[in-house]
Amino acid sequence: MAMQKEKVIELALQGGGAHGAFTWGVLDRLLEDGRIKIEGISGTSAGAMNGAVVADGLVRGGYDAAREALEKFWSAVSAAAGFSLIRRSPLDMLFGAWSLDWSPGYLAAEALSRVYTPYDFNPLDVNPLRDIVMDHLDFERVNHCSELKLFVTATNVRTGRPKIFRQPEITVDALMASACIPALFKAVEIDGEAYWDGGFMGNPALFPLVDECTARDLVIVQINPIYRDKLPRTAPEIENRINEITYNASLMKELRSLGFLSEQIHYENLQWEGYRDARLHRIHADQAMMDLGVSSKLNAEWEFLTYLRDVGREAAGQWIEKHHEDIGNRTTFDLSFLLEESLQPAHLQGGTVPKTDDEP
């Protein structure tokens, strides 16, 4: 029997706090498959953490080591959360939800963040996640991983532009910047610039994968649902939908730009732009994620994380079964719902990609 040709993809990993365990499951299934090579990962917040852990594991021992590293990382996240006051209350558990909507610790933190800033209530900028990252990642390995190109997105507080950290400049500070929630932590200072969560301007950034990787199959691992049928009416529902719209906005803009670019390449025969004509795919579990409230992004109970991991593994398995033969051949993520809302070509909408701090 002839050996099957290895399929090469790029991954775009969204951020979403504890919901990043869904991406852990997706990665675990993709790495397990054995027929798929990951050339590049662009990640934000939890997506960036997952990408860095995979890069570290690949250097240490290939795909099996990367899978093991992901499990150890998320296990450490859960263990650290065991000391937190922000956890589910008996009432949350009674209702069978993974949210923290009735958690006294969560409600107190929410109220505190509306009056005080991290510069007031967290002057020492304590962040347990920093210690976990430092304990589980060797940045020499991450930055010299020849198997994988890694891109980490943060938002420059002063300019409002996305900042893309690339190897060999990925550090613990770069990952902390990508995951810096302004209401909880001080802005992360790197080389005199201040950064917040990358999700504001790139969740995740797609253009580094398009411009700097050779694989043309870009797979978006989506945590935040794009569409909801039900109109949010309660305060938690409204907050959750605002969160989803905010953290999908930059992704929607880039997808629209890539869609217009693809149309121009095909219909205007722009051969010099052919290298940027990406085949787009999406791995998601919209229904499962829609059932989760925004507060559950702070729930790091092991039972919840492994539930999300299993949902991610199942979603990735279904995608592989349905679309493995499509990799290298065609787009499977229909962007018509984005393109039909505007009749202007991409170059009239401010360019095909947003400017970053790397550009003038």
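Tutor: Let us begin with a definition: a salt bridge is a side-chain nitrogen of Lys or Arg within 4 Å of a carboxyl oxygen of Asp or Glu. Please bear in mind that this is a predicted model. In it, salt bridges link Asp-28, Arg-29, Glu-32, Asp-33, Arg-35, Arg-67 and Arg-313 in a network.

Student: What makes the pair of Arg-313 and Asp-28 a salt bridge?

Tutor: The N to O distance between their side chains is 2.6 Å, and the cut-off is 4 Å, so the pair qualifies.

Student: Why is Asp-28 called buried?

Tutor: Its relative accessibility is 9%, and buried means under 20%, so Asp-28 is buried. Arg-313 has a relative accessible area of 23%; this value lies between 20% and 50%, so Arg-313 is partly exposed.

Student: How do you know that Arg-29 and Asp-33 are separated by about one helical turn?

Tutor: Both lie in helix α1, 4 residues apart, which means a separation of about one helical turn. Asp-33 is buried because its relative accessibility of 17% is under 20%.

Student: What makes Arg-141 and Asp-138 a salt bridge?

Tutor: Their closest N and O atoms are 3.7 Å apart, and this is within 4 Å, so the pair counts as a salt bridge. Arg-141, at 27% relative accessibility, is partly exposed, and Asp-138, at 29%, is partly exposed.

Student: How many salt bridges does a search of the whole structure find?

Tutor: The search finds 24 salt bridges.

Student: Why are helices α2 and α12 called roughly antiparallel?

Tutor: Helix α2 (residues 46-81) packs with helix α12 (residues 302-323) at an angle of about 150°, their axes being 9 Å apart. Angles over 145 degrees count as roughly antiparallel, so the term applies to α2 and α12. The crossing of α2 past α12 is right-handed. On the α2 side, Arg-67, Glu-71, Trp-74, Ser-75 and Ser-78 make the contact, and on the α12 side Trp-302, Leu-305 and Arg-313.

Student: How many residues of each class does the contact of α2 with α12 have?

Tutor: This contact has 3 nonpolar, 2 polar and 3 charged residues.

How values were computed:
Residues numbered from 1 in each chain as written. Predicted model: local features only at pLDDT ≥ 70, side-chain atom pairs only at ≥ 80, totals over all residues. Heavy atoms only, no water. Axes fitted to C-alpha atoms, helices over the stretch in contact; angles between N-to-C directions. Helix = DSSP H or I, 4+ residues; strand = E, 2+ residues; numbered from the N terminus. Parallel < 35°, antiparallel > 145°, perpendicular 65-115°, else oblique. Left-handed = near helix turned anticlockwise from the far one by under 90°. Contact = heavy atoms within 4.5 Å. Nonpolar A, V, L, I, M, F, W, Y, C, P; charged D, E, K, R; others polar. Buried < 20%, exposed > 50% of the residue type's maximum accessible area, 1.4 Å probe, protein only.
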